[in-house]
Amino acid sequence: MATNFELLCLIFSVALSVLLGPNFATGSSIGVCYGMVANDLPPPREVIDMYKLNQIGRMRLYDPNPEALEALRNSGIEVLVGVRNEDLQQLAGSYSAAENWMATYITPYSLQVQFRYIVVGNEVFPGNSARYVLPAMQNLQNALSFGDIKVSTSIATSVLGVSYPPSAGAFSQDTIEYMVPIAQYLNNIGAPLLANVYPYFAYIGDPIDISLPYALFTSETVVVTDGGLSYDNLLDTMVDALYAALEKAGAPQVQVVVSETGWPSNGNGEVTTPENAQIYNSNLISHVLSSRGTPRRPGNSTESYLFAMFNENMKPGAAVEQHWGLFYPNKSQVYPINFPVKTLEHKTWFQKLMQWIIQSAESAFGKHIYGHN
């Protein structure tokens with residue numbers, strides 16, 4: 001039977017989760033992806049300290065790394081935690097496997113780690129594992145027994161068969177049989193669709209028709225007019241093509257979360273310089289924090305995650321793949337970048353009240369409510 005102390009811990013944690021809500025963060029509302037495809041990175045506890053020092057309020061983890069989850073306890077950082085692509089088949093075919101995944105990777109940390117989304121697979125479409133994504137999402141969502149965590153999946157923009165003009169956005173014939181049911185499921189449960197959106201790759205794929213200022217958020221004029229909508233940056237164009245595809249799929253309420261975006265600082269000549277990477281990422285941060293939204297969905301900022309925290313020396317592929325980081329593995333900056341804090345002032349009174357209650361309870365019980373034994 002739970003002690004009075006344990007019940008008090010649960011009540012306080014649930015209250016914080018519900019009343020503060022998923023949009024409360026102690027740092028910037030911009031997230032940064034914490035990739036680990038390297039053999040020279042600092043340990044997770046030091047990485048979490050870097051997030052806090054730089055006021056980065058959200059993190060994407062590509063798998064439920066136990067050492068990182070331990071380090072995230074009581075950090076105040078909101079986390080997107082990924083399900084590995086190789087685990088999708090088992091989770092799709094077995095509800096008990098989904099329950100076990102939750103019991104292993106979410107429940108032990110749920111009182112002290114702020115989980116935002118569970119990301120079921122990364123860039124699976126099209127592919128042999130595509131058919132497993134929706135049933136795995138459903139099993140994991142049904143296995144959730146607490147909190148306001150939502151499941152989703154992370155796609156590449158290549159799921160679109162048509163992306164220009166943005167209003168013509170539509171899922172491709174190779175992905176539509178999977179993406180339409182997923183979009184409708186997300187619409188039903190009130191979850192977003194996560195998308196890895198890279199103006200860099202669009203630009204290098206067509207530098208004649210796409211200008212560098214348009215890709216870097218530095219165009220001073222409208223570049224694309226689509227009906228009554230005007231676009232001065234490529235990211236908004238790409239995101240709105242996804243919104244158009246979602247609407248055509250019968251999922252008009254689904255929000256798009258940019259789960260990866262960024263610009264490499266080396267590896268492809270004059271296009272990939274620290275200066276260009278700084279320009280893109282700094283302008284992306286300003287764009288998101290402005291709450292401008294996109295022309296198709298104005299007035300609501302596009303939740304976004306920069307890729308990546310570090311240069312990762314074991315990433316395969318072209319040379320640029322090892323140069324997306326904001327930091328070198330020695331923790332020095334690749335280029336200066338700041339994460340302005342956008343706090344929710346009207347909620348700070350509740351945070352202070354809960355801190356006072358917790359301190360009073362700790363004094364009464366003679367132990368730390370959120371501490372480790």
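I count two rings of Phe, Tyr or Trp (its six-membered ring) as an aromatic pair if their centres lie within 6.5 Å; planes under 30 degrees apart are stacked, over 60 edge-to-face, and the rest tilted.

**Ground rules.** I'm looking at a predicted model, where local features need pLDDT of at least 70, side-chain atom pairs need pLDDT 80 or more, and totals for chains, interfaces and linings use all residues. Residues are numbered from 1 along each chain as its sequence is written, and side-chain values use heavy atoms, leaving out hydrogens and water.

**Aromatics.** I found 13 aromatic pairs in the structure. Tyr62 and Phe307 make an edge-to-face one, 6.4 Å centre to centre with 85 degrees between the planes. Tyr62 sits in the loop between strand S2 (56-61) and helix H3 (66-72), and Phe307 in the loop between strand S12 (304-306) and helix H12 (348-365), so this pair ties together parts 245 residues apart in sequence. (Helices, H or I, are DSSP runs of at least four residues and strands, E, of at least two, numbered from the N terminus.)

I checked burial too: buried means under 20% relative accessible area, exposed over 50%, partly exposed in between (1.4 Å probe, protein chains only). Tyr62, at 22% relative accessibility, counts as partly exposed, while Phe307, at 7%, counts as buried.

Next I looked up Phe217 and Tyr280, a tilted pair at 5.4 Å centre to centre and 50 degrees between the planes. Both Phe217 and Tyr280 are buried.

Which residues form one aromatic cluster? I noted Tyr62, Tyr198, Tyr200, Phe201, Phe217, Trp263, Tyr280, Phe307 and Trp324.
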